[in-house]
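Please examine the model shown below, together with its sequence. A series of questions and answers then works through it.

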Amino acid sequence: MASLDRVKVLVLGDSGVGKSSLVHLLCQNQVLGNPSWTVGCSVDVRVHDYKEGTPEEKTYYIELWDVGGSVGSASSVKSTRAVFYNSVNGIILVHDLTNKKSSQNLYRWSLEALNRDLVPTGVLVTNGDYDREQFADNQIPLLVIGTKLDQIHEGKRHEVLTRTAFLAEDFNAEEINLDCTNPRYLAAGSSNAVKLSRFFDKVIEKRYFLREGNQMTLSPICWQMFSIWIPGFPDRKRFGGGTLKSLHYD
Amino acid sequence: MTYIDNSIFFLLQILFFGFGWLFFMRQLFKDYEVRQYVVQVIFSVTFAFSCTMFELIIFEILKVLNSSSRYFHWKMNLCVILLILVFMVPFYIGYFIVSNIRLLHRQRLLFSCLLWLTFMYFFWKLGDPFPILSPKHGILSIEQLISRVGVIGVTLMALLSGFGAVNCPYTYMSYFLRNVTDADILALERRLLQTMDMIISKKKRMAMTRRTMFQKGEVHNKPSGFWGMIKSVTTSAPGSENLTLIQQEVDALEELSRQLFLETADLYATKERIEYSKTFKGKYFNFLGYFFSIYCVWKIFMATINIVFDRVGKTDPVTRGIEITVNYLGIQFDVKFWSQHISFILVGIIIVTSIRGLLITLTKFFYAISSSKSSNVIVLLLAQIMGMYFVSSVLLIRMSMPLEYRTIITEVLGELQFNFYHRWFDVIFLVSALSSILFLYLAHKQAPEKHMAP
């Protein structure tokens, strides 16, 4: 097994929203039994098939860096965290659907990660004032994930989901809402799984293929056609049937 | 006459309530969402009634308003505060603790009542080893409750004072700052990133192994439960054995990465402090630090003297100061007039600095240890501490006031053994200050060695 290429994705959000559970679910397909406080940064790796089902299928490692802490931390903690923001290829912003403050803090989180090249002045943009231009300019793909969906009452669901749709629009990103203690939200073939794959593919594209130009035009259509024709088939068939492509990258 | 008095008191209480509410929203809970408004209400109410007590002392000194209405308000305020501190806040603390535990969710009320009864039992037992009451008081009188609240509050005050007296010069003075260069920080960061890389490469192996196992149809089940563990001893696929081994290595590396992260954060904090000490403000605080260290040493010395020679000060600093100026320095002035104003200023300063100091400490504490789950419980605990702190401040402040103003406190609080509380304060202060010195010395010694190691 030769080494695969890697991309680095940050997972940011307030403490207690469920980043560690989410990362565990994404990487090990299992629910995290005993979540505890993350000190510093914990990393996990997901093996992802880029452009699955097409002839250009290729396997990549996706490193999910789960950075712990809160936006209001001391500046020494922020400076230490900044060391993890080097050469980031994608950012997943996690917020708690039952806690509005955590959604509002996502603006500050994204600014912290994206502006790490600037000198930290200690003046943080409050939620009213963020600059949409910054996010339009931004080259790093973002994904917004809302957790604890099961704790929202049926009646309030519509209102909460509208609010999060606006949030995702502000970031120019896709959004997924789920419950980290229930793997069925990310079951293969579900719309959430499709969005997730699309996000990871976009990250890989931006990292490896953008300079090479337009290999992208045909493939997404093929890939989407495949996922429409074969909806919801279990992973096992997909892996068992095809052959694992050679893992060398020339 | 009393109608105006009552409305003034009521107005001031609303003012304090609003201040507590704002403090809660703007400072304490600024990163969290307030979902249970009852917590905010309780906090603000505790703050309001505690501040009212101080306001009553000030009114006493300034002789504002009717004396009988003051007495009435003292009694009423005291009753309400004791009600809050002994009945309401502990009950709600128990309720929120129980709400956090999923298992007991159904019978929340029952379990919180049980918790409250346990608290009451220990609270009552607290009074036994201390000689705080004369036996002629009944079981459920104010004196019983106040004496116990006073013991807890005085202990807290002395602990905080002792630690504060030692920590303040330690933080202010730049003499103790370790020398941290940018190169040190870079070296640590490099180590941290290297550790993260090692963790990543191991996790990559694990992820790949899991995927190959999945394709081959084996499933890695972590041994769960009793039978799972027995089974895993006898039968285990080679793939999952490999995984467990790598997982152990990863756990060790993750622990190392956490340590490195905390050390790096520490170094950044020290570097910031070094830069701050070079500024004008920093130099000012450095100078203050020297002054405070002398004050701290003097206080420790006085506490030791008080305990060893078994003496409790009979006169307050104001009267003592006036005596000294009149007798030794020969300056004559109107004692009565000046003693009232000076004690007002002195008592006012003590009150304001202790309230401010406590609120700042509570805020720091809250930021350090709270999370989104436990924020309610912690805020209520802080409200409890604040209430008890303020009640015992009233007990102890009695010593700083001239005799004619002490009477109201003695009347209202009943016949407590005030001398005992001062002695207890001195003892705990001494213990706390000495152990803080020891603790800071050890922490200071240990830190540079960590960085010297390659």
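Predicted model: local features only at pLDDT ≥ 70, side-chain atom pairs only at ≥ 80, totals over all residues.

Q: In what order do strands and helices follow one another along the sequence of chain A?
A: Chain A contains eight helices and six strands. Read along the sequence, these elements give the pattern β-α-β-β-α-β-α-α-β-α-β-α-α-α.

Q: Is Leu4(A) buried or exposed?
A: Leu4(A) is placed in the segment before strand S1 (5-12) of chain A. Residues under 20% relative accessible area are classed as buried. Because its relative accessibility is 9%, Leu4(A) counts as buried.

Q: Which strands of chain A hold Glu63(A) and Arg6(A)?
A: Glu63(A) and Arg6(A) form a salt bridge, and their closest N and O atoms are 2.5 Å apart. Because the two residues sit in separate strands, the pair ties together parts that are 57 residues apart in sequence. Arg6(A) lies in strand S1 and Glu63(A) in strand S3 (residues 58-67).

Q: How accessible are Arg6(A) and Glu63(A)?
A: Arg6(A) has 36% relative accessibility and therefore counts as partly exposed. Glu63(A) is buried, and its relative accessible area is 1%.

Q: Why does the salt bridge of Lys204(B) and Glu63(A) join two chains?
A: The side chains of Lys204(B) and Glu63(A) meet at 3.6 Å, N to O. Both Lys204(B) and Glu63(A) are buried. The pair joins two chains because Glu63(A) lies in strand S3 of chain A and Lys204(B) in helix H6 (residues 182-216) of chain B.

Q: Which helices of chain A are linked by Glu112(A) and Arg81(A)?
A: A salt bridge connects Glu112(A) and Arg81(A), with the closest N and O atoms 3.1 Å apart. The two residues are 31 apart and link distant parts of the chain: helix H3 (residues 100-114) and helix H2 (residues 75-81).

Q: Which residues are joined into one network by salt bridges that share partners?
A: Over all chains, the structure holds 11 salt bridges. Those that share partners join into one network Arg6(A), Glu63(A) and Lys204(B).

Q: At which residue does H3(B) bend?
A: H3(B) has 34 residues and reaches 48 Å from its first C-alpha to its last, close to the 50 Å expected. The helix H3(B) bends by about 35°, and the bend is at Ile84(B).

Q: What accessible area do the residues of the nonpolar surface patch have together?
A: Leu103(B) is found in the loop between helix H3 (67-100) and helix H4 (108-125) of chain B. Since its relative accessibility is 77%, Leu103(B) counts as exposed. Together with Ile97(B), Ile101(B) and Leu115(B), Leu103(B) forms a nonpolar patch with an accessible area of about 380 Å².

Key. Residues numbered from 1 in each chain as written. Chains lettered and ligands numbered in written order. Heavy atoms only, no water. Patch = residues over 30% accessible without salt bridge, like charges linked within 9 Å, V, L, I, M, F, W, Y side chains within 5 Å. Areas by Shrake-Rupley, 256 points an atom, 1.4 Å probe, with all protein chains shown as cover. Salt bridge = Lys/Arg side-chain N within 4 Å of Asp/Glu carboxyl O. Helix = DSSP H or I, 4+ residues; strand = E, 2+ residues; numbered from the N terminus. Buried < 20%, exposed > 50% of the residue type's maximum accessible area, 1.4 Å probe, protein only. Expected span 1.5 Å × (residues − 1). Bend = angle between axes of the 7 residues up to and from the residue.
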